[in-house]
Structures are given as C-alpha cells and as structure tokens.
Amino acid sequence: MEKAKVYFTRTLTPEAVLAMYRALGKALPGKVAVKVHSGEEGNQNYLRPDFMRPMVEAVQGTVVECNTAYDGERNTTEKHRKLLENHLWTKYFPVDLMDAEGPDLILPTPKGKVLRENMVGRSMAEYDSMLVLSHFKGHPMGGYGGALKQLSIGCASSRGKSLIHSGGVTDDQTAVWSHTAEQDAFCEAMADAAGSVVEFFKGNLAYVSMMCNLSVDCDCCAVAEDPCMKDIGILSSLDPVALDQACIDLIRQSSDPGREHFLERVESRHGTHTIDAAAALGFGTKEYELITAEI
C-alpha cells in the first residue's frame, strides 16, 4: 500500500479546520454526516460547536451522534437530546441522534477478528458520505481517542457499543460491564467496527483531527483531568489509520513535559493495538507522508 498523505498545521482556529479539510481535495457527495463528540455533561475539554461551525456549514452537513452504553447524560435519547441542546449543537446545526429509533443498522465484518457484525445507528443509512471530526486526546479504556474511535464506538449504537466493549459477547447495555473484553480483544473489536463503517461509505469519507485540550481523559468523562500537554495543531487525511498513527507520532516526538503522562495512558491500555489491528484489516496504512499545509 502506498504511503498515505497526512496534512498538518499548528494553526488552531475554526477557519483552519476548514482549510485542512480542503487540503484533502475531496468533495464529499450527497447528504453529509458530520461525526462529532457531543461532550459529556461536566466535561471541560470537548470541542465546542462554534469551533466546528465553518466546517459543518461548508459541507452543509448534519451533525450526527449516538447514545452511550454507560450511565451519564447521553445514555438515553431523551437525555442526549437535552444535552445536545444545552451544549448548543442544535443552535447551529441540524442534529441527528442516529440510534434514537431502532432497529439498528447491522454492518457485516467479514474480516473481523473479534466481531461478526457491527451495530450502528439506523439513520446512518440516510447519508451518502461522512466527515469525521475528531478531538484527539487520551481515553480511560482505549488509551487514546481519534479517528478510529469515532468510526467505531462513535458510530455504534448503544447496543453496538456494548458489543464492542464486550468483545462480541453481548449487545445488552445492562450486562456489558460484567462482560468486558480482554484489552487487546477490545482494541481489535474497535478496529473491526471501524472497518465496517469505512466499507459502508465506500471511500466517501474524510477525516480531520484536532490535537488540542490534550487530556488523558476522553470527552465522554464527566470528571476529566485537565490537559497535560500544550496544543499541537490540526491534521487531516483520507486514511484514518495513518491519521491516528501521525497523531501518536507527534505525541512521541514532543518535548512537552506532559508527554510521558499522556503516553502512559496510551501504552497502559495498549492503545496503538487498535491502529495495528486496523492496518492488518487493510482499510488503511500506518505508512504516511506528513505534509505541512499553508494556512
């Protein structure tokens, strides 16, 4: 597989998000789903909708999310819709909670190492393409969160999230936390799920990741650590595997004093195993060319 192109800028502005998408030269066709993280109630680090506004408006996109499989303010449709309103997503954009109504859309994972199928929000079937806007940061279970997490757990319904976290054992969100998978199996399940979404959109995807507010905790945490590293910039690619690898490499190359703390979170959860598993499935490559974009 040829090296993927990954574009990079240290500029962190709403306009730069749009510029980094345009650097890809990819016009997303038809009805565009824009995958974001709505941010758990109480979380201080999630990226606010006004930061995404020029980007979402440029593609005339619909912001999409799915319900969670853990307790909080996003684990039911009623609560999640209220949070989307309180966090101002509905103020600026049309918003679709993709698994608000069942049945889930079942995506096959024929090459899956762990999952036999993936379960995503039903209304994903209404979109022709997807723009994945990721806030790159740490994660308490996956080690880090980036494009692959957005494709997998981010697009999965509550039942789908349960299936991933349990390593394919159960889709029951009331039982999942007593059936959590061994760590590498969890990472591989994320890769399986991500690959099924890539296959569903058949190349009509683009990815932009913001490396800022670099906490070891995810935006899904109601109580999260403050950022431990200084902001790095924005990256974009048409390859989610290369994009996540490039983000990890920028952390490793950093001289920031918070680097070791961040990497401890990634490595203790075998976070890069998700990247390895995704590359092995063949829907992306870890080999990339980092191109500095003129903003």
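These notebook entries record what I looked up in a predicted model.

**Conventions**

I note that the model is predicted, that local features need pLDDT of at least 70, that side-chain atom pairs count only at pLDDT 80 or more, and that totals for chains, interfaces and linings use all residues. Residues are numbered from 1 along each chain as its sequence is written, and side-chain values use heavy atoms, with hydrogens and water left out.

**Entry: overall form**

I began with the secondary structure and found 10 helices and 12 strands; these are DSSP runs numbered from the N terminus, with helices being H or I of at least four residues and strands E of at least two. The radius of gyration is 17 Å, close to the 19 Å of the globule rule for 295 residues, so the protein is as compact as a globular protein of that length. That radius is taken over C-alpha atoms, and the rule is 2.2 Å times the number of residues to the power 0.38. The C-alpha trace spans about 45 × 40 × 40 Å along its principal axes.

I then looked up burial: 60% of the 295 residues count as buried. Here buried means under 20% relative accessible area, exposed over 50%, and partly exposed in between, with a 1.4 Å probe and protein chains only. For contacts (heavy atoms within 4.5 Å), I took the pairs at least 6 apart in sequence, of which 76% join residues at least 24 apart.

**Entry: helix H6 and histidine 165**

Histidine 165 is found in helix H6, residues 158–165. With a relative accessible area of 8%, histidine 165 is buried. Leaving aside residues up to four places away in sequence, I listed what histidine 165 touches, including Met141, Trp177, His179 and Phe186.

How many of the residues of H6 are buried? I found 7 of the 8, so H6 is largely enclosed by the rest of the structure. Among the buried ones are Lys161 and Leu163. Their cover includes strand S6 (117–120) and helix H7 (183–201). After H6 comes glycine 167, with a positive phi near 65°.

**Entry: leucine 243**

Leucine 243 lies in helix H8, residues 240–253, and counts as buried at 0% relative accessibility. Beyond residues up to four places away in sequence, leucine 243 touches Val6, Ala147 and Tyr207, among others. I also checked leucine 243 against phenylalanine 262: they are 19 residues apart in sequence and 18 Å apart in space, C-alpha to C-alpha.

**Entry: salt bridges**

My search of the whole structure returned 14 salt bridges, each a side-chain nitrogen of Lys or Arg within 4 Å of a carboxyl oxygen of Asp or Glu.

Glutamate 57 is bridged to arginine 53, with the closest N and O atoms 2.9 Å apart. Both lie in helix H2 (residues 49–58), 4 residues apart, about one turn of the helix. Glutamate 57 is partly exposed at 43% relative accessibility, and arginine 53 is partly exposed at 35%.

Glutamate 188 and lysine 113 meet in another salt bridge, at 3.7 Å from N to O. This pair links distant parts of the chain, 75 residues apart: glutamate 188 is in helix H7, and lysine 113 is in the loop between strand S5 (105–108) and S6.
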